Amino acid sequence: MEKISYVLTQEDCRDYVKAQYKIPRIKKFIMKSYIPFWLIGSVFVVIFLLPLFINLFTGLKYLMSEGGMSFFKALTDFQMVEFYKGTLVYFVRTVLPFLGIWFAMFFITWSIGATDAFSISSKRIFKMLEGRALDAEIEVQEGGLSMTGKTASAFMEWSGIVDIHSTQNTFLLFVGDYQAVIVPKRAFETPEKADEFFNFVDEKVKAAKTKQE
């Protein structure tokens, strides 16, 4: 297979960033990064709702012990019905707006990440690669991929490549859960040669995984 030479552009970096939300591995990583967000939200919800459950338990216990009511009668007592109404008003006026704001914050940040608004990240990646690996050359060897940049070089063994993913304009060679080497498809003379590269690397990576298992 011929050597693959290319020069990365900011659009290539943007393509990589946009594709992240479509890749299961990175989705999982991103969701993990939101765990503190969910935990804080859950703690606040518990703080809001815990007094209501305590009052409900106390009220039912009082009606069953002091009023001699059965659990069902205590549950449907007039005072308890009024308590339910007050709880509903509290939930609608206090808890629900809080949950709405919380989920809105999540979906806003998520949607920003899933659109071209991720240009800041793509610029950062481009700036990081600038002067090191924007001009790159990849040579397919028996044991892996030899990559040479302007001021850096590396050899990626098949076992060191986690996965290869195809986006609209690039191939992403993942060397970690969310770190990838970007190879633009325009580096290949024809779409057929691009597909040949993808299939070859994919086969080698899967074979390496099977051997490790």
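Reply: Gladly. Helices here are DSSP runs of H or I with at least four residues, and strands are runs of E with at least two, numbered from the N terminus. By that count, the protein chain of this predicted model has seven helices and seven strands. Their order along the sequence is β-α-α-α-α-α-α-β-β-β-β-β-β-α.

Me: What makes S1 and S2 partners?

Reply: Two strands pair if DSSP finds at least two bridges between them. Strand S1 (residues 4-7) and strand S2 (residues 135-140) are joined by four bridges and run antiparallel, so they meet that definition. Within this pairing, Tyr6 stands opposite Ala136 in S2.

Me: Which sheet do these strands belong to, and which strands stand at its edges?

Reply: They are part of an open sheet of four strands, in the order S1-S2-S3-S4 and with antiparallel pairing. S1 and strand S4 (153-157) are the edge strands, as each pairs on one side only. On average, neighbouring strands of this sheet are turned by 20 degrees against each other, direction ignored. Further along, five bridges link strand S3 (residues 144-148) with S4 in the antiparallel sense, and Thr148 stands opposite Ser153 in S4.

Me: How do the side chains of S7 point, and are they buried or exposed?

Reply: Ala180, Ile182 and Pro184 point one way from S7 and Val181 and Val183 the other way, yet all are buried. Five of the five residues of strand S7 (residues 180-184) are buried, so this strand is largely enclosed by the rest of the structure.

Me: How do you know that S6 and S7 pair, and what do they form?

Reply: At least two bridges are needed, and strand S6 (residues 170-174) is joined to S7 by five, with the two running antiparallel. Therefore they count as paired. Among the facing residues, Thr170 stands opposite Pro184, and the bridge partner of Phe174 is Ala180. Together S6 and S7 form a hairpin with five residues between them.

Me: Why do S5 and S7 count as edges?

Reply: The three strands form an open sheet in the order S5-S6-S7, with antiparallel pairing. Strand S5 (163-166) and S7 each have a single partner strand, so one side of each is left without a neighbour in the sheet. The twist averages 20 degrees from one strand to the next.

Me: Which helices touch this sheet?

Reply: Helix H1 (residues 10-19) packs on the sheet, touching S6 and S7, and its direction makes about 125 degrees with that of S7. Helix H7 (residues 191-212) lies across S5 and S6, running at about 155 degrees to S5.

Me: Why is Thr170 called buried?

Reply: Buried means under 20% relative accessible area. Thr170, in strand S6, has a value of 0%, so it is buried. Not counting residues up to four places away in sequence, Thr170 touches Asp12, Asp15, His165, Ile182, Val183, Pro184 and Lys185.

Me: What makes the approach of Thr170 to Thr167 a polar contact?

Reply: The cut-off for a pair of N or O atoms is 3.5 Å, and one must be able to donate a hydrogen and the other to accept it. The side chains of Thr170 and Thr167 make such a contact at 2.7 Å, which is within that limit.

Me: Why is the pair of Phe188 and Phe197 called tilted?

Reply: The structure holds nine aromatic pairs. For Phe188 and Phe197, the ring centres are 5.1 Å apart and the planes stand at 40 degrees, so the pair is tilted. To pair, centres must lie within 6.5 Å; planes under 30 degrees apart would be stacked and over 60 edge-to-face. Elsewhere, Phe44, Phe48, Phe98 and Trp102 form one aromatic cluster.

Me: How many of the chain's residues count as buried?

Reply: Of the 213 residues of the protein chain, 34% do.

Technical notes. Residues are numbered from 1 along each chain as its sequence is written. This is a predicted model: local features need pLDDT of at least 70, side-chain atom pairs count only at pLDDT 80 or more; totals for chains, interfaces and linings use all residues. Side-chain values use heavy atoms; hydrogens and water are left out. Buried means under 20% relative accessible area, exposed over 50%, partly exposed in between (1.4 Å probe, protein chains only). Axes are lines fitted to C-alpha atoms, for helices over the stretch in contact, and angles run from 0 to 180 degrees between N-to-C directions. Contact means heavy atoms within 4.5 Å. Rings of Phe, Tyr and Trp (its six-membered ring) pair if their centres lie within 6.5 Å; planes under 30 degrees apart count as stacked, over 60 as edge-to-face and the rest as tilted.
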